[in-house]
Amino acid sequence: MRTNKFYGRDWISPELNYSKEEWESLIRLAEELKTRFALNEDTSNILDGQTLYAMFFNSSLRTRSTFATGIQQLGGNYIELEPGKTYTPARKGYEIPYKTERVSDVARVLSRTGDAIAIRMYGKASHWIYGFAHETLKEFAHWSDIPIINMEDDVFHPCQALADMLTIKEKFHDLKKKKFVISWAYSGSVEKPYAVPQSAALAPSLLGMDVVLARPKGFELDPMVTQKCKEYAQQNNSSFEETDDMEAAFENAHVVYPKSWGARNYFAQYDKNGNKTKEADLEGMKALFEKNKDWICDEEKMKLIDKNGIYMHCLPADRDMEVTDPVIDGPQSVVFDEAENRLHAQKAIMALLMGGRL
Ligand code: CP
């Protein structure tokens, strides 16, 4: 095993605590691993014999398939620990006798036998309390001796963001002076978390793109995120703007990323002692969604973007709600490149954090 400056670190909120240069290194390694995969090179020595434990509290197609495929291509083992079939990891105050096991115990047990723990958790699994899942991942990290990888929590989805930045890099090469629009879009479900839009606002800001956040009133992102985007824009001599006008945001954009997310005011809340002080109001949130059904990415809006501009979505997309078929299936759509790049991005993350032979 070789060590490097990434070795042993967690991948929970790298949008905040990995540098621009570190993101660029990861993108370069993902590109290299993608090329080696295309050339059918054997990369099974990189994480030979290492074990990734994966825990999904929520559904997944892309994340599950690409982590499983990726670790196997690097020579490691993928073991999925399904919450409910294992004792569901729980924080103090949320435990049920003989059904849950305290996070601190789960983390220390898995640290004795595995090499990294990857976790997905948001929504109902985190009691509809914004930030609860993110805190749970941090608690795992506190007790774990091996890296914790965020496979999407209720604040960030950094694996998606890395794959998205790789995709943008492949299309435009130079990110400077490129306009990236992350926009809210309508969905028939109110359950999509903040993770993708917050990571999608931060990662391009960190890497120097001109970022615009478009959302109706009530769908603002976490102020911590927008503040950080402004700081990154200042550091990069780029820009970060916020608007409630989807069409205006789309004008001359190089990248548009319209997708749905919830409205935080309707989530449950808890006090600093971890006690719930307000229940989630999903019906109230639904009513707010219904007022904004015109926030759909259609062919008319796509006419506003740069002629070489691209349409992005992390998938799964709600067709005829977030986006029309001609757009997502059209020539400007790169959604399947993004899905494919999840494999290469996550191989880069695992290879570096788990001390792979590179
Ligand atoms: N984009 C994404 O994370 O997809 P899955 O929910 O299928 O993993």
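Here are some questions and answers on the ligand site and domains of this predicted model.

Me: Which residue has a backbone N or O atom 2.8 Å from a nitrogen atom of the ligand?
Reply: Local features here need pLDDT of at least 70, and side-chain atom pairs count only at pLDDT 80 or more. Side-chain values use heavy atoms, with hydrogens and water left out. Polar contacts are pairs of N or O atoms within 3.5 Å, and the residue with that backbone atom is Leu315.

Me: How far from an oxygen atom of the ligand is a polar side-chain atom of Arg342?
Reply: Arg342 is among the residues surrounding the ligand, where being near takes a heavy atom within 4 Å. His157 places a polar side-chain atom 2.9 Å from a ligand oxygen. For Arg342, the distance to a ligand oxygen is 3.1 Å.

Me: How much of the ligand's exposed area does the protein bury?
Reply: Accessible areas come from the Shrake-Rupley method with a 1.4 Å probe. Taken alone, the ligand exposes 250 Å². The share buried by the protein is 94%.

Me: What distance separates the centres of domain 1 and domain 2?
Reply: An automatic or database assignment sets the bounds: domain 1 is 14-156 + 342-353 and domain 2 is 161-339. Contact means heavy atoms within 4.5 Å, and 34 residues of domain 1 touch 37 of domain 2 in that sense. Taken over C-alpha atoms, the centres are separated by 24 Å.

Technical notes
Residues numbered from 1 in each chain as written. Polar contact = N/O pair within 3.5 Å; in protein donor to acceptor, adjacent residues only side chain to side chain.
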